[in-house]
Amino acid sequence: MSYLLLKYLHILSATLMFGTGLGTAFYMFVTNRGKQVQSIATVSHWVVKADWWFTTPSVIFQPISGLWMAHLAGWPLHSHWLLATFALYALAAICWLPVVWLQLRMRDMAHYALLHGERLPGRYWQYERLWTLLGIPAFVGLLVVYWMMVAKPA
């Protein structure tokens, strides 16, 4: 595969990962503010699907394509900007993995509450706070990764 094609796929994958992540997080965050069980059940259902369909493949493809591009371009893997990128990407992944687990549980609680005509349990809101807090370092970390990929600072 040519470097240019690989770079195109890497950028497309990064766009899907970041765009889907930001978009689904926004809709879930805003929907949770409304506290409407039916809306939360619907949105959480689709947030989980979007994560599996778009975010997960991109999360896997990003380091593979990034390392492949570094190899093709001849960049040493011990370059400071690459090491910082790896660390921040790992931080984002460490935050994202529990977010996926939390989203699955939140979706299930919302569907249960909807089916039984109940309010969301207190645990849902505990998970929602943790979900929000974990999203902040992941989001900021990826913003810095994007900047480093473009600027490649010394």
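1. Terms of accessibility. A residue is called buried when its relative accessible area is under 20%, exposed when that area is over 50%, and partly exposed in between, using a 1.4 Å probe and protein chains only.

2. Basis of the note. The structure is a predicted model, in which local features need pLDDT of at least 70 and side-chain atom pairs count only at pLDDT 80 or more, while totals for chains, interfaces and linings use all residues. Residues are numbered from 1 along each chain as its sequence is written, and side-chain values use heavy atoms, with hydrogens and water left out.

3. Overall architecture. The protein has four helices and zero strands, where helices (H or I, at least four residues) and strands (E, at least two) are DSSP runs numbered from the N terminus. Along the sequence the pattern reads α-α-α-α. The C-alpha atoms fill a box of roughly 60 × 25 × 20 Å along the principal axes. Of the 154 residues, 36% count as buried.

4. Nonpolar core. In soluble globular proteins, nonpolar side chains tend to be buried together. A nonpolar core is here a set of buried Ala, Val, Leu, Ile, Met, Phe, Trp, Tyr and Cys residues joined through side-chain atoms within 4.5 Å. The largest such core has 29 residues, and Met106, Leu120 and Tyr124 have the most contacts inside it. Helices α1, α2, α3 (80–116) and α4 (122–151) each supply at least two residues of this core. The most is given by α3, with 12 residues.

5. Nonpolar surface patch. Which residues form a nonpolar patch on the surface? The patch consists of Met1, Leu5, Tyr8, Leu12, Leu16, Trp46, Trp52, Trp53, Phe54, Trp68 and Leu72, with about 1200 Å² of accessible area together. The elements that give two or more residues to the patch are α1 (3–34) and α2 (37–73), and α2 gives the most, with six residues. Patches are made of residues with over 30% relative accessible area and no salt bridge; like charges are joined within 9 Å, and nonpolar side chains (Val, Leu, Ile, Met, Phe, Trp, Tyr) within 5 Å. The accessible areas come from the Shrake-Rupley method with a 1.4 Å probe, and for residues only the protein chains shown count as cover.

6. Leu72. From C-alpha to C-alpha, Leu72 and Val145 are 20 Å apart in space and 73 residues apart in sequence.

7. Salt bridges. Side chains of opposite charge can pair when their charged atoms come close. With a salt bridge taken as a side-chain nitrogen of Lys or Arg within 4 Å of a carboxyl oxygen of Asp or Glu, the count comes to two. In one of them, Glu128 and Arg33 meet at 2.8 Å, N to O. Glu128 lies in helix α4 and Arg33 in helix α1, so the pair ties together parts that are 95 residues apart in sequence. Glu128 is buried at 2% relative accessible area, whereas Arg33 is partly exposed at 41%. Arg107 forms a salt bridge with Asp108, with the closest N and O atoms 2.9 Å apart. Arg107 is partly exposed at 22%, and Asp108 is partly exposed at 37%.

8. Aromatic pairs. Rings of Phe, Tyr and Trp (its six-membered ring) pair if their centres lie within 6.5 Å; planes under 30 degrees apart count as stacked, over 60 as edge-to-face and the rest as tilted. The count by this rule comes to seven aromatic pairs. Phe26 and Tyr27 have ring centres 5.3 Å apart and planes at 75°, so this pair is edge-to-face. Phe26 is partly exposed at 48% relative accessible area, while Tyr27 is exposed at 53%. Phe18, Phe139 and Tyr146 form one aromatic cluster.

9. Charges over rings. A charge sits over a ring if NZ of Lys or CZ of Arg is within 6 Å of the ring centre and within 35 degrees of the ring normal. Arg33 lies over the face of Phe29, at 4.0 Å from the ring centre. Lys35 lies over the face of Trp125, at 4.6 Å from the ring centre.

10. Positive phi values. Lys35, in the loop between α1 and α2, has a positive phi near 60° and is a residue other than glycine. Lys152, in the segment after α4, has a positive phi of about 45° although it is not a glycine. Lys152 is partly exposed, at 31% relative accessible area.
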